[in-house]
There are 2 protein chains.
Amino acid sequence: MSSVLVIGTGAIGAFYGGRLARAGCDVHLVARSDRDTLARHGLRIESAEGDFTLPRVSVFSSADKAPPCELVIVATKTTANSHLEALMPSWAAQARAVCVLQNGLGVEAAAARFAAGCPVIGGMCFVCVSRVGPGHVRHTDYGWITLAEHRGGGAAAGITPSMRAVDATFAGAGIETILAPDLAAARFQKLVWNIPYNGLCTLLGADTHALMREPATRRLIRAIMDEVVAIAAASGHPIASSFVDEMLHATDEMAPYAPSMWLDARARRPLELDAIYAAPLEVARASWVAAPRIEMLHQQLQHIDARRAS
Amino acid sequence: MSSVLVIGTGAIGAFYGGRLARAGCDVHLVARSDRDTLARHGLRIESAEGDFTLPRVSVFSSADKAPPCELVIVATKTTANSHLEALMPSWAAQARAVCVLQNGLGVEAAAARFAAGCPVIGGMCFVCVSRVGPGHVRHTDYGWITLAEHRGGGAAAGITPSMRAVDATFAGAGIETILAPDLAAARFQKLVWNIPYNGLCTLLGADTHALMREPATRRLIRAIMDEVVAIAAASGHPIASSFVDEMLHATDEMAPYAPSMWLDARARRPLELDAIYAAPLEVARASWVAAPRIEMLHQQLQHIDARRAS
């Protein structure tokens, strides 16, 4: 697919939108607060794989001002999903695919509602990238995206033609992908990382290495990961038993990282608690699985989020 | 008992030592960093029940410089218990009683070792009192002490003559007391409060009211209290089922309070994690009781304590 609309120009939207644009895709960005800076100075990507700048980018204040595109990438925070309808283009249902690059569980449902009939692909980004400022992001590690197609009721879609088309688009920009047959299983895999690190880094004011260095928090991270794996298994989306060790190892190997939730808390932005904590806990309850540590982390983060809001 | 040695002049030692001295007891204080201020300016107690000052107090840099007393009150932090031997007077075994006014579980064992033969009474202070500065404490709420006598192996001692003698001493200073037959049960009762509030206030940087106001943390506090009750019951020291509600209610009613652990963390002092978290978790393991929330809180606090130390 040669034309791409990217909604949201935070770390994820700017990084992957920039990669696609550099590779020659016809990329249009929808930005809010960063629009003027993007229009004037374009995108600046500092990356472990080579810095680059795109002095000119096509940027709009709303999706309907952009020309219709084959692929729509949703890269906003999930905290905006309740008003996703206003962010999506009116022609979304006519796109060839909508790809949701967000964290959490069940986040495709909102996009599927406003692009009825268009295939909706969930994309889980295993990437360390942070927004440094408007139109300026820093990529420190990893970068692959796991793709899986959304089905109503959470059924596994298998590997679909739409997934292959999205895959080819990313591949053309040198973005590694993994195609997964079961979206919920893939979402839970990502949550094995996000649930412990996003929450604990935010709560303890520490980066990933500070948590991993301390035996007590290292044990806690593993215990929380085990709870995520248990919820996934009980809800019919088992994760390979080696996956927890792989995630711990990957985190040890990567540069010290400050997850976006910690950055959100520091900037007093809303935390993505519904998608990353409340939705998996809902599945846990429905599957009769105890997840006391995830529940406790959620409660602690709710306190932080409520204090910010007050 | 008319002569009292108080080891430690933090909030607890200064408050109760001051109350006893005001009532006419022959009180001698053992202080370290606060000694000069105490010697020069005495004690200043701001209290909801009436402020008072004691311009002259008897203060020493070590217990052996003080005259032998009938009652020894240990009011140091439990983090100093590993070198309690150096803090206790050489004549401790000849005292009529040693009363340990500390938080946590098993804290009497250290005193019992260095005062062999002398009755050791645990005292659980249900009091909101904070050290404002050297020799200056602020009492905002409550004040009663639950007393119970230590026995090797954790057996219940019943109501002993030594407890009654300590009780009479406190009563003479208008300090309310409750006599409890089972020290471990009484210790666990106090932990029902200390375990959730000390840890969560420290971790979230919030006072008791901020935690109680937020439904998520309120639910978490109750869940943590339930775990403490379960450990107590499984280890043979059951707590009345109404006790959790009583503690929640008492906390709602009292003025917003910053537990000492939070103050310790802010001042970068060691946290009392062994007595308040590790010891009860040890009992949980020995009794085959799961306490995932207490364990998680301990792990989170260990991270904070380790960061302080580094």
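Reply: Start with Trp193(A). Its relative accessibility is 9%, so Trp193(A) counts as buried. Tyr257(A) is buried too, again at 9% relative accessibility. Buried means under 20% relative accessible area, exposed means over 50%, and partly exposed is in between, with a 1.4 Å probe and protein chains only.

A word on the model before we go on. It is predicted: local features need pLDDT of at least 70, side-chain atom pairs count only at pLDDT 80 or more, and totals for chains, interfaces and linings use all residues. Residues are numbered from 1 along each chain as its sequence is written, chains are lettered from A and ligands numbered from 1 in the order in which they are written, and side-chain values use heavy atoms, leaving out hydrogens and water.

Now the rings. A pair of aromatic rings is described by the distance of the centres and the angle of the planes. Rings of Phe, Tyr and Trp (its six-membered ring) pair if their centres lie within 6.5 Å; planes under 30 degrees apart are stacked, over 60 edge-to-face, and the rest tilted. Over all chains, the search finds 12 aromatic pairs. One of them joins Trp193(A) and Tyr257(A): the centres are 6.3 Å apart, the planes make 50 degrees, and the pair is tilted. This pair links distant parts of the chain, 64 residues apart. Trp193(A) lies in helix H6 (residues 183–204) of chain A, and Tyr257(A) lies in the loop between helix H9 (243–253) and helix H10 (260–266). Helices (H or I, at least four residues) and strands (E, at least two) are DSSP runs, numbered from the N terminus.

Turn to chain B. Trp193(B) and Tyr257(B) have ring centres 6.3 Å apart and planes at 50 degrees, so this pair is tilted. Here Trp193(B) is in H6 of chain B, while Tyr257(B) is in the loop between H9 and H10 of that chain, 64 residues away. Both Trp193(B) and Tyr257(B) are buried.

How do the two chains relate? A rotation of 180 degrees, with 0.0 Å of shift along its axis, superposes chain B on chain A at an RMSD of 0.0 Å. The two copies are thus related as by a two-fold rotation axis. The superposition is by least squares on the C-alpha atoms of residues with pLDDT of at least 70 in both copies. Of the interface residues of chain B, 96% are also interface residues in chain A, so the copies meet through the same surface.

Next, helix H11 (residues 273–286) of chain A. H11(A) has 14 residues and reaches 19 Å from its first C-alpha to its last, close to the 20 Å expected at 1.5 Å a residue. The expected span is 1.5 Å times one less than the number of residues. Its buried residues include Leu273(A), Ile276(A), Tyr277(A) and Leu281(A). Among the elements that cover the buried residues of H11(A) are H6, helix H8 (215–234), H10 and H12 of chain A.

At 4% relative accessibility, Leu281(B) counts as buried. Leaving out residues up to four places away in sequence, Leu281(B) touches Ala291(B), Ile294(B), Glu295(B) and His298(B). Contact means heavy atoms within 4.5 Å. Leu281(B) and Ala291(B) are 10 residues apart along the chain, and their C-alpha atoms are separated by 7.4 Å.

Charges come last. A salt bridge is a side-chain nitrogen of Lys or Arg within 4 Å of a carboxyl oxygen of Asp or Glu. The search finds 34 of these salt bridges over all chains. In one, Glu282(B) meets Arg285(B), with the closest N and O atoms 3.6 Å apart. An α-helix has 3.6 residues a turn, so residues three or four places apart point the same way. Glu282(B) and Arg285(B) both lie in H11 of chain B, three residues apart, about one turn of the helix. Glu282(B) is partly exposed, with a relative accessible area of 48%. Arg285(B) is partly exposed, with a relative accessible area of 48%. Shared partners join Glu227(A), Arg293(A), Glu282(B), Arg285(B) and Glu295(B) into one salt-bridge network.

Helix H12 (residues 292–309) of chain A holds Arg308(A) and Asp305(A), three residues apart. Their side chains form a salt bridge, 3.1 Å from N to O. Arg308(A) is partly exposed at 23% relative accessibility, whereas Asp305(A) is buried at 16%.
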